[in-house]
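Good morning, everyone. Please have a look at the screen while I bring up today's structure.

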Amino acid sequence: MTLDFDYAKFIPWFPAIGVIICFICCMKPALRKLAGPACVLSILASFIAACMAYSYVPGVPGSTAAGEGNFAISHLFNWINIGDPEKGGFVANFSYFFDPLTMIMLFVVTGIGTLIATYAMGYMHGERGYARFFAGVALFIFSMTNLVMGDNLLVLYLGWEGVGICSYLLIGYYYDKPIAVEAAKKAFIVNRIGDLGFALGIFLTYMTFGSIEYKVIIPAAQELLAHGAEHAVALTPAVKAAVAQAHSVSPSYLAWIPFLLMLGAFGKSAQLPLFVWLPDAMAGPTPVSALVHAATMVTSGVYMIARLTPIFQLSEYALPVVAVIGGITCLFAGTIALTNNDLKGVFAYSTVSQLGYMFIGVAVISVGGVFHLTTHAFFKALLFLTAGSVMHALAGNLDIRTMSGMRKKMPVTCWLMFFGCLALAGFPFTAGYYSKDLLLGDAIVKGTIGNVPHANWYLVAGILGIITAFITAFYTFRLWFKVFMGPTSWEMGTDEGHEPVDDMEVITDAVAKEAEEADPHHTHHHGPHEMPMWPMNLPLIPLALGAAVLGMIAVGGLGLIAPKWIESMLFNSTQFAAFHPEHSAATDATHHTVEFISGSLAVLGIALAFVFHCWKREWVAVVCKPIKPAINILVGKYYVDELYELLIRRPLHTFGRVLFVFDDYVLAGLVNFASFIPRLAGWAARPTQNGVLQKYGVGMGLGLAITLLIVFYAWLAA
Amino acid sequence: MTLETLLIPAMVLVPAIFAFVLLIPGKVFDFKKNIVAFSFVGTLFSFIISLFIAFNFNWGEPVMQMQGAIPWVPDFGLTFSWGIDSISLWLILLTTFLMPLIIIGSYSSFEGREREFFFWMLVLETAMIGTFVATDIIFFYICFEFTLVPLFFLIGVFGGENRLKAARIFFLYTFTGSMLTFAAILFVAWTYSTTHAGVWTFQITELYAAAQSMPLHHQGLVLAGLLAGFAVKVPLFPVHTWLPLAHTEAPTAGSVILAGVLLKLGTYGILRFALPMTPEAIIAFAPYVGSLAVAGVLYAALVCWVQTDVKKLIAYSSVSHLGFCVLGLFSFDSNNMGSIGAVMYMVNHGLSTGALFLCIGMIYERFHTREMAKMSGLGRAMPIWGFFMVFFTASSVGLPGLNGFVGEFLTLIGSFVSPYTLGWQFAAPAAAGMIFAAIYLFYMLGKVVWGPLKIPHVHGHTADWKPSDLNAREISILVPIAIVCVWLGFNPNPLLNSLEKPIAQLSAPTNSIIDAQKEATLKATTPAHVEADISLEPQAKAWESKVLIAN
């Protein structure tokens, strides 16, 4: 099964070319300005290639692909092949897997990536690491597209680690700030903890199925789940072999696979208990927060579970656990966002919280999971970028307590962010409303119909999600009202727009001066100001449109595309092929109820935020006074970081010290002691060689006597 | 003897010949530039021959190729015999590839006694290549031991403050271990002669059969002896203490060779001798050696984290990394992924850790210190250096797409699926070493490359002195290594495929025993009448009862 279009497999490699161009631009100061456009164009090329490939992919509505199977594979080159692939050999190739899920992910990654990179051309203008930044972004898109397109777990892992290192490099972009360096390191290490689980999951998958290719393991897992019932597509020999091998190993191995993989997903997608890195990751430039830490990279965990749904069903506990973890994270992060006063921090915790929703979605095998991933990418990217504009205008100030009434200074940004906030809050008929309520409805349905194992877990997750809907609306609009409404006032931050250019700088003075002239908005003498239309505000308009109407289009079609597009996409994806959503009057009623409840909760939250943060701001202090201790815990972010420091990092570091002392004194000491033994023997024997003749005589006599004695006894015995 | 068989002796001897030419008195070699250029040509010559060998090598054949022999002590069965298979060839290529780069890298690392320095470097290359081409075990052993001598002088004469202590400990430690190895070799040869009417031979392939026919307790002795020498060389926890000391005191070139090639002599020895000679003992020993390897991975990683000297950190990281390698060698999975991965790991570790030592040497040349507390944010002052440092760290930490990952992944998956000797109990904690590797390597990057710029005070420079970034010579050392790292990362297949057959041969004795044992247990548990049709139905039933469909 191969595609009859060849360019699709080069989708990840356009950004790879972009990396090389940006890299050259890094080295040649004169070319530095080209890095941004090169990066944007390379991502755009991927997006166009993805669009052109769309209609050839099997399973998408209106596909022209031949009816065989529900996915297509395009082989690029061999990567790691050991042994005979027919007889349990190991195969992991750079082959790309195309099905509707891949296409949705590709649209999100390359489409939103293009918009964010365009914005970044303006945002990063005049920065000394301009080319380095875009090299990182292009490398990120390369890794991310590999992640979503790979046809086996190892290419997924390659993309996974690749986005991890890009995230490390981009968080640490301002690498002379210790806080950024710490945040970058933390992000990478916490992710590695999850990756340990992921790696072990790959090992175990190989051990049980004898393969790590989706085309084998997904049908094999579906076959195992179907208990030999009738299946639509005939199994290939490889799948049959995998099923046989899976039957021959201990069932507990199969049950472990999802839990190990899950750890990786929780690390990358910042779920409890591994979420601590994401809020700190905001130390990176804002476009990075938007692209990497909101729209794309952090959703990889969601993608992984969506992709491997049948594998996650191998244990009956796996998906319920995912749902509950998602639900708890959702509420947990949402409550932290309530009291956060950092413009980006609120959105960071809200990302953690929204990722929790997505996990609930994929855990209940709802279309809503990936649908929410898509809409979230739009509105969260929009929110971060508009937040970046505010931050830019205020010279790096992020404290929302110091901002008020900014709508007068930045009207476009204000209303763009308004759309993003509406979608995040789940205001009726915005994109976030459709996707969130779809997955919450499915969770409640699954939790109440009763024929599902561990239904209560899904119900708990769904209820946690509904509660969080209210909290989300409140904290989102708390921020928006605080920043943009009320009397106009602001404080400037300490950033100068440009970092000071010193003699180490490779940018020549001429280039810097040119940048200054071309970009007058960097000077802050006149207070905050609106961002220029190109390249900063224009790319936000598609995002805002998406945040407003994407839900309606994807569900209803609106005459633009086929109705229920998102559903037909996802239920034609490989991993969902065996499932059919239940539709009945009862489930529809549940869905409508959930929609009504969470929609009205959103409106209520917005109204409350309006009361406390716009209309009667002085009431906040009154209300907060009696619940001060609770608020303190929230402001302290539940002290999770401190707890980890105290319980894990510090003991481990101390243990390292102990081991080093052990190494230096005990192990090396033993060796020294061993080398001391010959010397000791020499020292013990030394007095005999003291040159005194009488002593030699005595020694000789004694020796002779002993020898004689021995000979005598020997003679006697004989 | 055809011309082809002479290629190997040529490759081995060229550096030695160049070395002795260096000793000829004369004005030409009074200039450092000439000495370096001359030695460079010598190593490059050797590299070109090795490339020529690689192109003429039949990669599909698992047998020893380009064999040749010169009688030495015929009565005692001693010959200088040589030959290579793909395992040797990859390690030879690693050696000959690194040596010219190291020679250029040493251009500015010290002052005075250059002739002596490059003499020992070239002699060392001969000894190292000799180790990989020898097919006579005594020839192997001589080369193996002889590598100690040049390095002893390189450390003892050109090293840091504690150089004498470091050189002495390094020499005595490894020498003591390899005396036991020698005893084990003699024991095997003696067994051969007793079963072959007093005829002595030291041909490795002949000795395989002799050793395999030994009873288990004799094999155990042989393996213990072999491991005594090889494990010290690797170095396996807890006999690694010589390594950090030797590394910190050695000059940059010494460290690169030590980490790049010399440590691999240990793992190569295990693969070439221990695996095929003592299959039964290997199976008995595997859990213990595996435990030591895992302990070493974690232990050394934690020790790395508390280091203050960058070079010592990288030195301990070698102990941690080689733990993966040993683990892979003892995995014996059905595809030999562990051992194949281990050989790839040897090559990778030589490249990435060697390059890291080179990078740190460049820092030391500028600042004469390696204390992390004294420096910070050097990426600002030296962006090109910073790039390479981050790049090779990423390779060392096992980032997919670079070389380090492939070896690490294969050794771990090999030991994970290892059916009999190891298993997930070993692979899972070892895989935790991936986390620790990230912790200590990124801790190092955070201290040295990132952060606010802080330049160590260097005697003779003013306070506002700024170090120069890498010059063309230094860049040209690191670029080839970086290219190979990327190439092996995306295209490891030629290497892996060429290793499959030779490694299958070396681990065949052990694998056949494992298969026999597996069959025996299957027979013991399966009643005779269903044996013909080994149905997996019971397991399937058990499985089905446990799994419920979630939907």
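First, a caution. This is a predicted model. Keep that in mind throughout.

Let's start with chain A. Its secondary structure comes to 28 helices and two strands. Its C-alpha atoms fill a box of roughly 120 × 70 × 60 Å along the principal axes. How much of chain A is buried? Of its 718 residues, 58% are buried. Now take the contacts in chain A with a sequence separation of 6 or more. Residues 24 or more positions apart account for 80% of them.

Next, domains. The assignment gives chain A a domain 1, covering 315-500 + 524-627, and a domain 2, covering 639-717. How far apart are their centres? Taken over C-alpha atoms, the centres are separated by 70 Å.

On to the interface. On chain B, 73 residues are in contact with 75 residues of chain A. Together the two chains bury about 6800 Å². Carbon and sulfur atoms carry 72% of that area. How many salt bridges cross this interface? The rule finds one. B:Arg380 and A:Asp176 form a salt bridge, with 2.5 Å from N to O. Which element of chain B gives the most to the side that touches chain A? That is helix 18, residues 424-448, with 14 residues. By class, this side of chain B has 53 nonpolar, 14 polar and six charged residues.

Now salt bridges in general. Side chains of opposite charge can pair when their charged atoms come close. Over all chains, the structure holds 15 salt bridges. Let me pick out a few.

Take A:Asp280 and A:Lys186. Their closest N and O atoms are 2.8 Å apart. What does this pair tie together? A:Asp280 lies in helix 10, residues 277-280, and A:Lys186 lies in helix 6, residues 178-209, so the bridge links parts of chain A that are 94 residues apart in sequence. Both ends are partly exposed: A:Asp280 has 28% relative accessibility, and A:Lys186 has 21%.

Another pair is A:Glu213 and A:Lys215, with 4.0 Å from N to O. Here the ends fall in separate classes. A:Glu213 is buried, at 11% relative accessible area. A:Lys215 is partly exposed, at 34%. Back to the earlier pair for a moment. Salt bridges with shared partners join A:Lys186, A:Asp280 and A:Asp641 into one network.

Chain B has an example too. B:Arg113 and B:Glu116 meet in a salt bridge, at 2.9 Å from N to O. B:Glu116 is partly exposed, at 23% relative accessibility.

Let's zoom in on one residue, A:Ser289. It sits in helix 11, residues 286-295, of chain A. Is A:Ser289 buried or exposed? Its relative accessibility is 0%, so A:Ser289 counts as buried. Its side chain makes a polar contact of 3.2 Å with the side chain of A:Lys344. Leaving out residues up to four places away in sequence, A:Ser289 touches A:Met282, A:Gly284, A:Ala294, A:Lys344 and A:Phe384.

Now A:His529. This residue lies in the loop between helix 20 (509-518) and helix 21 (533-537) of chain A. The cut-off for buried is under 20%. A:His529 has 18% relative accessibility, so it counts as buried. A:His529 and A:Leu558 are 29 residues apart in sequence. In space, C-alpha to C-alpha, the two are 37 Å apart.

Last topic: the backbone. Most residues other than glycine have a negative phi, and most peptide bonds are trans. Where are the exceptions I want to show?

Start with cis bonds. The peptide bond from A:Leu272 to A:Pro273 is cis, with omega near 0 degrees. A:Pro273 is in the loop between helix 9 (251-268) and helix 10 of chain A. In chain B, a cis peptide bond joins B:Phe237 and B:Pro238. B:Pro238 is in the loop between helix 9 (216-233) and helix 10 (242-249) of chain B.

Then positive phi. A:Ile365 is not a glycine, yet its phi is about 50 degrees. A:Ile365 is in the loop between helix 15 (343-363) and helix 16 (367-393) of chain A, and is buried at 8% relative accessibility. A:Ala395 also has a positive phi, near 55 degrees. Its place is the loop between helix 16 and helix 17 (411-425) of chain A. A:Ala395 is buried, at 5%.

That's it from me. Thank you.

Definitions and conventions:
Residues numbered from 1 in each chain as written. Chains lettered and ligands numbered in written order. Heavy atoms only, no water. Salt bridge = Lys/Arg side-chain N within 4 Å of Asp/Glu carboxyl O. Helix = DSSP H or I, 4+ residues; strand = E, 2+ residues; numbered from the N terminus. Buried < 20%, exposed > 50% of the residue type's maximum accessible area, 1.4 Å probe, protein only. Domains from an automatic or database assignment. Contact = heavy atoms within 4.5 Å. Buried area = accessible area lost by both parts, 1.4 Å probe. Nonpolar A, V, L, I, M, F, W, Y, C, P; charged D, E, K, R; others polar. Polar contact = N/O pair within 3.5 Å; in protein donor to acceptor, adjacent residues only side chain to side chain.
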